Amino acid sequence: MINKMKSEMEVALKQAVEIKKKKNEEKAKKEKSKSPPKKEQKAKVSETKKNFDKKKEEVEKNNVEEARQKPQMRKGYKTPQISEEKINKATKIATETIENSIFRTKARTAYRFEKDFNSLKKETSKIFQYLKQYQPGDLQNLFKDSQFSAD
């Protein structure tokens, strides 16, 4: 009886070992089918890198081409150059306009009168033209209510 039990146990043990081997083999097959061998993986990675590098080069070429085309689009446009003669003429016209505006308007306050008078101080002909605008009574009225005295 003991021998019979031993033999049954040995048979059961052999079956268990065989089942375990089969399971391990199936696992190995599944793993192999899921992931390709390392050589294949390396080949795929290098292929992906090559594709990436190609795309990167294409993008860089496109950017360079666009950069080259932009100046060509603006090729006909030139920044206008202003000569010194035109600048001098414009400043002369502007100063004359400002000076003439002083002659057009009479000062309503003593402060304004003094400011206009001081701006024309160096040029006696312009001071004379400026003072011509006023009647003698106008100047008295300007200085009447101010802290300045009309001497």
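Predicted model: local features only at pLDDT ≥ 70, side-chain atom pairs only at ≥ 80, totals over all residues.
**An all-helix pattern**

Student: What pattern does the chain follow along the sequence?
Tutor: Read in order, the pattern is α-α-α-α-α-α. That comes to six helices and zero strands. Both are DSSP runs, helices (H or I) of at least four residues and strands (E) of at least two, numbered from the N terminus.

Student: How many of the residues count as buried?
Tutor: 9% of the 151 residues. Buried means under 20% relative accessible area (1.4 Å probe, protein chains only).

Student: Which residues make up the largest nonpolar core?
Tutor: Nine residues, among them Phe113, Ile127, Tyr130 and Phe143. Such a core is a set of buried Ala, Val, Leu, Ile, Met, Phe, Trp, Tyr and Cys residues joined through side-chain atoms within 4.5 Å. Helices H4 (110–119), H5 (124–132) and H6 (136–144) each supply at least two core residues.

Student: New topic. At what angle do H4 and H5 pack?
Tutor: About 155 degrees, with axes 10 Å apart. Axes are lines fitted to C-alpha atoms over the stretch in contact, and angles run from 0 to 180 degrees between N-to-C directions. So H4 is roughly antiparallel to H5, a label for angles over 145 degrees.

Notes: Residues numbered from 1 in each chain as written. Heavy atoms only, no water. Buried < 20%, exposed > 50% of the residue type's maximum accessible area, 1.4 Å probe, protein only. Parallel < 35°, antiparallel > 145°, perpendicular 65-115°, else oblique.
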